[in-house]
Amino acid sequence: MASLTLPPAPPNPRQDAIDLQKAFKGFGCDSTTVINILTHRDSVQRGLIQQEYRAMYHEELSHRISSELNGNHKKAMLLWILDPAGRDATVLREALSVDTMDLRAATDIICSRTPSQLQIMKQTYYARFGTYLEHDIGHHTSGDHQKLLLAYVGIPRYEGPEVDPTIVTHDAKDLYKAGEKRLGTDEKTFIRVFTERSWAHLASVSSAYHYMYDRKLEKVIKSETSGNFEFALLAILRCAENPAKYFAKAEYFKKYKKPLAEAIHSETSGNYRTFLLSLVGPGH
């Protein structure tokens, strides 16, 4: 979270664990203290706090949070204390479960992660849930959307900045032939290019396409594809072109003409609202 504000001095995870235990004890939970501590610690610090809490009180911090908090506040806090791969795996598992199916959320996570992040996420997914991510994707998705997601989590792509201009031009031509130039769409070509190429390469393909055919690749995707398949291709393209922008809170303001904090304030309430506003920080 880009706006996460940390204390000026390095926090002491042992003291944080003690302060959390104090907040949990007594009549009712001191949610303000819990929020103030955990929303101002980064992923590594939150991991250390959990180690200290486990060592001192012989209980998982997550179990205590489960018993002390409730509703959306509890759900959000339990996700927040996980490491990034654990959080992704947990959200994916829920998004790929029958009762809480959310294929857009699953697609968004998968298509906005680097190959190395996906590799760790897949290992975490199996370790936590005893099933392979690929199995759950195959079970709950279909068609070109399924083919793209399975290829995206399975193919090890290059993560560096270098690109080969010759291959870039070739891919731009292939996408043109697979879409605008023909009647109907050759989805296989889109899947191949978007799942086998690095983000740097895809960003170059997008620029080359615009230069060669005077049309943005994003508009081509919107006109040639639809549904979850379109959503997945657009997520990959947008991350390739500007990954920081894809996650930026400023984009929320640009799209909805109001600050993210204002939306949180109007759409949520209570401790859940306090928690989210603490993460977003001032001025968002």
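This is a predicted model: local features need pLDDT of at least 70, side-chain atom pairs count only at pLDDT 80 or more; totals for chains, interfaces and linings use all residues.

Tutor: The C-alpha trace spans about 70 × 40 × 35 Å along its principal axes, and the fold is built with 19 helices and 0 strands. Of the 284 residues, 41% are buried. Take the contacts between residues at least 6 apart in sequence: 65% of them join residues at least 24 apart.

Now for the core itself. The largest nonpolar core has 43 residues, and Leu-148, Phe-190, Phe-194 and Leu-217 have the most contacts inside it. Helix H15, residues 227-241, is the top contributor, giving 9 residues. Where does this core sit relative to the domains? It lies between domain 1 (84-154) and domain 2 (165-246), because both of them give residues to it.

Zoom in on Phe-194. Leaving aside residues up to four places away in sequence, Phe-194 touches Tyr-152, Leu-175, Leu-202, Leu-217, Ile-221, Leu-233, Ile-236 and Leu-237. There's also a second, separate core of 23 residues, with Ala-17, Val-34, Leu-61 and Leu-69 among them.

Is Thr-195 buried or exposed? Its relative accessibility is 1%, so Thr-195 counts as buried, the cut-off being under 20%. A polar atom of its side chain lies 2.6 Å from the backbone oxygen of Ile-191. Again not counting residues up to four places away in sequence, Thr-195 touches Leu-148, Ala-151, Tyr-152, Ile-155 and Arg-157. Leu-148 is one of the residues with the most contacts inside the largest core, and Tyr-152 is also touched by Phe-194.

One more piece, over in helix H6 (residues 84-95). With 12 residues at 1.5 Å a residue, H6 should span 16 Å, and its end C-alpha atoms are 16 Å apart, which agrees. The buried residues in H6 are Ala-85, Gly-86, Asp-88, Ala-89, Leu-92 and Ala-95. To read that list, remember that an α-helix has 3.6 residues a turn, so residues three or four places apart point the same way. And what covers the buried residues of H6? The cover includes helix H7 (103-111), helix H8 (115-129) and helix H9 (133-140).

Methods
Residues are numbered from 1 along each chain as its sequence is written. Side-chain values use heavy atoms; hydrogens and water are left out. A nonpolar core is a set of buried Ala, Val, Leu, Ile, Met, Phe, Trp, Tyr and Cys residues joined through side-chain atoms within 4.5 Å. Buried means under 20% relative accessible area, exposed over 50%, partly exposed in between (1.4 Å probe, protein chains only). Helices (H or I, at least four residues) and strands (E, at least two) are DSSP runs, numbered from the N terminus. Domain bounds come from an automatic or database domain assignment. Contact means heavy atoms within 4.5 Å. A polar contact is a pair of N or O atoms within 3.5 Å; within protein, one must be able to donate a hydrogen and the other to accept it, and residues adjacent in sequence count only if both atoms are side-chain atoms. The expected span of a helix is 1.5 Å times one less than its number of residues.
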